Amino acid sequence: MEPTSSLTVHRQIVSLLQKPDPVILDIGCNDGTDTRKFLELCPQAQLYCFEPDPRAAARFKKNMDLYLNKVKLFEIAISDRNGRIDFHPSNGNGDAKEWDLSGSIRRPKNHLVEYDWVRFDNPISVETRRLDDWCSEANLKHIDFIWMDVQGAESDVIAGGRHTLTNTRFIYTEYSDQELYEGQQSLQAILDLLPSFEVVTQYPHGVEGDVLLRNTSL
């Protein structure tokens, strides 16, 4: 489930970056809420945003209308392959109708029990790219920070971005040890996939949490 990210967290991250124009990747940017916070705190940031859900991407463009000249939106999923991939869009019941914050390239599993008011519609085919290949084409050799909210697909992003992540200073990602989505990796498994990273701050909440990681090799 999408956590409510406080402005304090964003301020902490920007202070750690220690530069006026950091390169930031917002992977799973949804409607641009976090993108906007980073721009407000760091107006010169170079922001590259990724969102495969067409509903969320449409809201991003509407909400970020005044900022579109400062950010680049790519309506694709970041994963471990190039081409097309099934994306499972979320929806909700009652007041949560049009809930699009839980969609994933991973099929829902325990999410169906933990959050029974969220439903998942039929999968749709979306474009997907490996992070390493996308960064190579964009000529991005060094990343200051990755904000990753990919609903259980963390290991997919890592598998397709091993080279990029060795040149990434900080990562902030959501995690769950409950396998909310099929094949979702626990926090410890994510850390095992990122041996050069250490935990800066952990933010547990319920069956999920967020963690800020620092690359100790940079």
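Entry 1: burial. I noted that this is a predicted model. Of the 218 residues of the protein chain, I found that 53% count as buried.

Entry 2: fold and overall form. I looked up the secondary structure, and the protein chain has eight helices and twelve strands. Its radius of gyration is 16 Å, close to the 17 Å that the globule rule gives for 218 residues, so the chain is as compact as a globular protein of that length. Along the principal axes, the C-alpha atoms fill a box of roughly 45 × 40 × 35 Å. I then turned to contacts with a separation of 6 or more: residues 24 or more positions apart account for 71% of them.

Entry 3: surface and charge. The protein chain exposes about 9900 Å², and carbon and sulfur atoms supply 47% of that area. I recorded 23 positive and 34 negative side chains. The centres of these two sets lie 5 Å apart.

Entry 4: cysteines. How many disulfides are there? A disulfide is a covalent bond between the sulfur atoms of two cysteines. I applied the cut-off of 2.5 Å between the sulfur atoms, and the count came to zero. Cys-29 is in no disulfide; the nearest cysteine sulfur, in Cys-49, is 4.8 Å away. For Cys-135, the closest cysteine sulfur is also that of Cys-49, but at 13 Å it is too far for a bond.

Entry 5: Are Cys-29 and Cys-135 buried or exposed? Cys-29 counts as buried because its relative accessibility is 4%, under the cut-off of 20%. Cys-135, at 2%, counts as buried too.

Terms used
Residues are numbered from 1 along each chain as its sequence is written. This is a predicted model: local features need pLDDT of at least 70, side-chain atom pairs count only at pLDDT 80 or more; totals for chains, interfaces and linings use all residues. Side-chain values use heavy atoms; hydrogens and water are left out. Buried means under 20% relative accessible area, exposed over 50%, partly exposed in between (1.4 Å probe, protein chains only). Helices (H or I, at least four residues) and strands (E, at least two) are DSSP runs, numbered from the N terminus. The radius of gyration is taken over C-alpha atoms; the globule rule is 2.2 Å times the number of residues to the power 0.38. Contact means heavy atoms within 4.5 Å. Accessible areas come from the Shrake-Rupley method with a 1.4 Å probe; for residues, only the protein chains shown count as cover. Lys and Arg count as positive and Asp and Glu as negative; His and the chain ends are not counted. The place of a charge is taken as NZ of Lys, CZ of Arg, CG of Asp or CD of Glu.
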